[in-house]
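Student: I am new to this structure and would like to go through it slowly, one question at a time. Could we begin with how far the coordinates can be trusted, and then turn to the details?

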Amino acid sequence: MKISPKKAMTKVKLVTFMVCSQLLFAKHVLANSAEQATDVEVIEVVSNHEFASSNYQVLRREDFIDSSQSLSDILGQVNGIQIRQISGIGNPVSISIRGSSAKQVQFFIDGQLVNDSQFGSFDLNQIPTEQIESIEISKNQAIGTGSTPIGGVIRINTYNPSDDTNKVSIALGSFGYQELNVLKNTAFKHHSLAFGGNYLASDNDYDYLVPQSFDNPSQSITQPLRNNAFEKISLFVNDSAQIDQHQLRLNLTYNKQDKGLANYQNNSPENSSNISMDSLRYGLQYNWLSNIEYLDSIELEYYHDTKDELYLNSQNDSQQNTNDYQTTKQHVGIKPSFTVSSLTFSPFANATQNIFTSFSTHNGKPNECNGISACDIEAKQQQLNVGARFSWQSKTLPLSSYLLANQLFEDNSNVALNQTSPSKEQSKEQYNTQELGFNYGDNKLKTSINWSQGVRTPTLYELFGDRGAFKGNDNLLPEEAETYALSVKYHDTISLMSFDVSSSVYQQSIENSIVAIFNSSGTGSYTNVSSAELLGLELQMGSKITSALSVSLQAHWIDSDTQSEYVAFNNKKLPGIYHQQYSAALSYQLSDALAIKVNTNIDKELYFNRSNQFETNDEQNKTGNPANRMVTDLSLHWRIKNYSINFTCANLFDEHYQDLANRPAQGRSIQLKFSIEDI
Amino acid sequence: MLPKLKNKLLPLSLAISATLLTACGSDDKNTAPELTGDLMPVVAENTLAVGQYTATDVNNDNITLSLNDAANALFTLEQSGALSFKVAPDFDNGDTGPFNVTITATDDGKGALSTELAISITVGDVKDTPSVAVVQTIAPDYSNSEVAYLDAKSQQVASGYYRKDASDYTLSSYKGDVFHIGRFFIDEITKYDAIEVASRDSAIWSYSTNDPQDSTRNPYALVSLSETKAYLLRYGSSKVWIVNPQASTSEDFKIGELDLTSYVHADNSNSTPSPAAAVITDGKLYIAMQRQDDSYNAGTAYVAVFDTATDTEIETNANADDNVKGIPLVGVNPLEHSLVANEDKVFVTTRNGYSSFDLSLSKIEEINTGDYTVRQVLNAGDIVDNTASFIKASVVVSPEKGYFYASQAIFTPTYHEVGSLYEFNPTTGEILTVNVADTGTENISFIGLDSANFLWVSIANPELPGVDVIDTTTNTMSIDRLITTLNPGTIRFIEE
């Protein structure tokens with residue numbers, strides 16, 4: 001009997017909820033019984049994803065926790081990943097994996113897809129690094145199960161220790177930067193409870209060359225940027241339990257943040273524009289470890305996420321425009337895992353519902369829905385992923401392979417709430433994605449070859465517009481990409497010097513790039529305008545030369561070419577990414593307690609727009625050049641017993657370059673972080 | 001004895017001869033003809049007639065007119081005295097003269113006497129070739145923009161000028177000066193010299209269009225009265241700046257203001273009547289205002305009139321019931337480029353509100369500059385079989401000939417706009433020609449008339465962007481499309 005996706009999702013939700021309810025009750029009873037904190041079972045609820053692919057890597061907590069870095073800083077050091085951001089803490093950050101756009105990257109937190117269904121975006125820095133246990137990175141492929149993305153996947157696994165931990169850290173830095181972290185984990189016999197909080201604030205008042213100063217528009221003067229402050233509170237609770245065959249993990253995160261929006265044109269002191277956000281996310285993962293032949297486990301998961309964003313546009317007292325965006329997301333999934341001989345089979349199904357509503361006012365009055373102003377809308381997206389992953393490991397050879405296939409069913413709708421006769425627009429689509437990979441080798445030399453066919457489905461905004469001057473597009477096709485990747489990893493030790501060398505070459509064909517196109521009257525819509533070919537090469541080498549000295553070298557080249565019937569976009573380079581990246585990092589243990597690290601990144605050949613045209617004042621070179629930058633960061637880390645101090649100087653030589661918004665980046669900044677563990 | 005006779009004979013022969021001659025002179029003496037006419041005519045190029053030359057003869061002899069041999073190759077001389085070119089001279093091709101011609105008038109009297117008249121002919125220039133133009137072009141994704149110079153004579157497009165990492169830019173011009181205007185949240189105007197190719201790259205000056213402690217006012221256009229006085233229209237402000245384009249410092253740039261506060265819509269909290277277009281004719285500045293409310297609904301459109309000598313608003317008495325001085329229109333929502341002047345008329349084009357489907361309020365209206373009365377010329381509903389196209393802009397060549405374009409939104413396969421160009425009679429309102437020069441399948445973003453009455457049309461088709469130049473005498477394209485890289489918009493003309 002054929003069941004509609006909607007009914008199927010409802011049923012799954014109901015069953016999951018009932019099962020989880022019973023388990024929570026049982027957990028509560030057990031937690032109240034006498035437990036010995038010292039007798040701790042090892043808890044590993046979240047699967048350890050060993051995909052043995054050179055497109056995949058894991059960063060462990062110990063790799064980054066002692067630094068003063070944000071998540072975007074950490075990811076920016078991974079070869080093949082580019083991070084560009086609008087200067088200032090709290091501003092949007094764009095991530096690109098192997099030349100992808102930010103929307104083509106999937107961002108997961110504990111298995112929950114965070115990407116916004118309305119705009120496709122995600123806040124990369126929403127999780128403080130103190131709350132992160134590990135970071136999984138997959139390029140051009142999914143992690144485990146689900147639909148294959150075009151760019152890849154960043155998956156954050158939140159804090160999940162097995163020992164008692166107490167930690168406090170304080171950081172101060174340039175431009176009014178302040179951070180306080182509190183973290184506690186208590187390990188009981190059957191479960192581990194971690195909770196913590198993070199407070200982060202920054203004035204972001206770096207010096208900025210204002211094109212037309214407020215008091216004298218004829219003058220461009222350098223001033224501290226006004227109304228650019230950021231403040232954030234983040235609280236979390238994680239509870240992991242294992243009782244016999246049952247593994248249960250609960251995570252709960254609450255974020256509240258406020259960000260001032262500067263007027264970059266004249267740095268007006270009257271400007272009080274601001275965006276504030278409240279979000280609450282909780283998730284439940286249950287893993288049943290089977291003792292039935294062939295059946296390894298069954299994993300159930302449920303997530304719920306609500307977010308409320310309020311955007312205030314107020315350049316002066318007479319103007320108060322607000323946009324209130326509310327997003328609710330629910331997700332439920334099931335994944336059993338079977339092993340027969342050397343073959344592992346993991347079918348899966350998961351369902352997600354996103355609801356986005358908007359409400360806008362102008363000086364206290366609701367906006368009119370008149371075909372010009374953006375309407376108040378309710379947009380809904382329901383997705384059902386059904387697929388399977390097959391993994392095979394040879395018993396005689398160091399050879400493994402996998403196949404992942406996924407079918408995505410999507411039902412989207414949009415209603416203009418404040419239209420005189422509200423009309424509903426709807427679209428239903430299906431997409432399928434596949435991946436195939438082979439790995440051969442041992443710990444010394446490993447070769448991987450991978451093929452993937454990924455998709456980036458249009459967001460609700462791309463499909464339906466704002467029901468005002470920005471129109472929808474019923475015929476919008478998803479972005480699709482076919483990717484081939486070949487990689488080689490070599491590890492060896494000579495004398496006492498160990499080194500790793502790896503290289504990856506990849507080729508990607510992308511179709512149906514979705515771009516906002518505008519007419520001469522100023523109305524616009526998203527349109528499939530171009531295709532692109534990418535050819536990339538990643539090289540990296542890391543070596544522990546002595547017990548104290550480590551060196552890491554990386555290089556990444558991308559050759560891109562877009563084809564389009566639009567003259568302006570034809571035979572051009574992809575915008576928004578550096579086509580050449582080089583980095584060198586040196587770590588030296590000065591003493592048992594003190595270590596120094598210097599890394600330099602050289603990024604070249606950035607095109608700001610699809611037409612590859614440059615604004616320049618160079619009279620000798622009217623056409624301008626792609627943008628380059630060279631940034632050097634320095635960090636010092638001192639650790640004795642439970643105390644550590646970390647000093648970071650980012651952009652040590654105060655290099656001037658353009659940020660994500662094509663404005664001068666903020667320049668050199670310093671940060672000092674003091675941590676105490678096991679208080 | 002013979003010499004004596006000889007001496008006696010000679011005087012006798014002389015006497016006889018003199019007698020005979022005297023008898024002839026009173027009845028037989030011939031006089032050369034007289035020849036008159038313009039000695040230094042100036043002939044307009046592309047015409048044949050040089051002038052009329054008159055030969056008279058006091059003896060009433062028949063006169064034959066002729067040209068010198070060299071002149072015969074180029075000129076024809078009728079026996080009536082009409083002198084003309086054999087082939088009309090083209091000033092732009094170098095046929096400028098002077099041409100030296102000798103006309104000879106010969107009579108048929110005794111001795112066939114003749115008279116010569118030397119004349120020197122020069123050719124005068126008539127503006128009959130398209131001007132050099134400058135066009136603002138914008139990327140289809142609104143990420144960047146640039147300006148291109150267009151030479152229709154040589155069919156050359158020189159692009160790459162004034163490249164910006166933003167798209168909200170437009171152009172104004174006055175004679176050989178080009179003004180590059182950055183609009184919303186750019187608020188900047190930059191002047192360039194467009195006559196000398198080598199100096200087109202170098203900005204003469206660049207000034208802010210904001211007052212101190214003010215937010216963006218979105219400058220729309222600069223309308224020049226003279227080299228030293230112009231009016232800067234700011235869409236986001238009720239104050240029109242009076243500026244001096246020759247100012248060498250920013251302090252000297254703004255020299256005054258015009259106040260449009262009385263036209264602000266009651267529900268517009270930004271305090272702007274949304275002035276969108278302006279034109280100067282006969283010493284008066286006409287400003288068209290959309291008068292939008294906070295939800296971008298256009299109110300009753302008005303045209304305010306200012307005396308450019310005193311910069312005071314003129315009471316037009318166009319409506320006895322309102323409390324403003326300007327002229328109310330029936331059409332709604334005059335867009336950018338909606339005002340043109342021709343002879344003693346100002347023509348206003350209105351689109352109607354963006355969310356409206358009523359074609360009747362998308363009009364071309366005519367303002368009589370003598371008494372400020374308004375009459376409808378035509379509306380979008382007059383276009384046969386039109387259900388969804390709204391008039392965007394118009395130009396007027398003469399009281400009998402004008403052009404407008406109307407655009408409609410198409411939603412398949414993706415949202416885009418398609419425009420059609422129409423010829424109309426500004427006096428009668430009759431639509432004479434539809435889909436002029438095979439328009440009707442692409443997006444039109446601008447139309448403009450140069451001083452030679454060529455019609456320039458910006459085709460914002462991202463697959464084949466460019467500017468078409470149409471000969472208004474034939475309604476056909478005079479050259480192939482001038483291809484640009486980005487979508488073309490506003491065109492301005494460089495006139496020396």
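Student: What average pLDDT does chain B have?
Tutor: This is a predicted model, and in chain B 94% of the residues score at least 70. The average pLDDT of chain B is 91.

Student: Which residues of chain B stay under 50 in pLDDT?
Tutor: Where pLDDT is low, the predicted coordinates should not be read in detail. That caution applies to a stretch of chain B for which the model has two contacts beyond four places in sequence. The stretch with pLDDT under 50 is residues 1-26 of chain B.

Student: In chain A, how many bridges join S15(A) to S16(A)?
Tutor: S15(A) covers residues 274-289 and pairs in the antiparallel sense with S14(A), residues 246-260, over 15 bridges; there Asn255(A) stands opposite Ser279(A). S15(A) also runs antiparallel to S16(A), residues 295-313, and in that pairing Gln285(A) has Glu301(A) as its bridge partner. The number of bridges joining S15(A) to S16(A) is 16.

Student: Which residue in the turn between S15(A) and S16(A) has a positive phi?
Tutor: S15(A) and S16(A) form a hairpin, with five residues between the two strands. Most residues other than glycine have a negative phi, and most peptide bonds are trans. In this turn a phi of about 75° belongs to Tyr294(A).

Student: What handedness does the link of Cys369(A) and Cys375(A) have?
Tutor: The count of disulfides over all chains comes to one, and it is formed by Cys369(A) and Cys375(A), whose sulfur atoms are 2.0 Å apart. The angle about the S-S bond is 80°, and the link is right-handed.

Student: Why does Cys375(A) count as buried?
Tutor: A residue counts as buried when its relative accessible area is under 20%. Its disulfide partner, Cys369(A), is buried because its relative accessibility is 15%, and Cys649(A) is likewise buried, at 5%. Cys375(A) is buried because its relative accessible area is 4%.

Student: Which backbone oxygen lies 3.2 Å from a polar atom of the side chain of Ser167(B)?
Tutor: Ser167(B) is in the loop between S12 and S13 of chain B, and it counts as buried because its relative accessibility is 12%. Leaving aside residues up to four places away in sequence, Ser167(B) touches Ile138(B), Tyr142(B), Asn144(B) and Ser145(B). The backbone oxygen in question belongs to Tyr142(B).

Student: What is the bridge partner of Ser407(B) in S32(B)?
Tutor: S31(B), residues 401-410, and S32(B), residues 416-424, run antiparallel and are joined by nine bridges. In S32(B), the residue paired with Ser407(B) is Gly419(B).

Student: Which residue does a cis peptide bond join to Pro413(B)?
Tutor: Pro413(B) lies in the loop between S31 and S32 of chain B, and the omega of its cis bond is about -10°. Another cis peptide bond joins Gly97(B) and Pro98(B), with omega about 0°, and Pro98(B) is in the loop between S7 and S8 of chain B. The residue joined to Pro413(B) is Thr412(B).

Key. Residues numbered from 1 in each chain as written. Chains lettered and ligands numbered in written order. Heavy atoms only, no water. Pairing = 2+ DSSP bridges. Helix = DSSP H or I, 4+ residues; strand = E, 2+ residues; numbered from the N terminus. Buried < 20%, exposed > 50% of the residue type's maximum accessible area, 1.4 Å probe, protein only. Polar contact = N/O pair within 3.5 Å; in protein donor to acceptor, adjacent residues only side chain to side chain. Contact = heavy atoms within 4.5 Å. Disulfide = S-S within 2.5 Å. pLDDT = per-residue confidence, 0-100.
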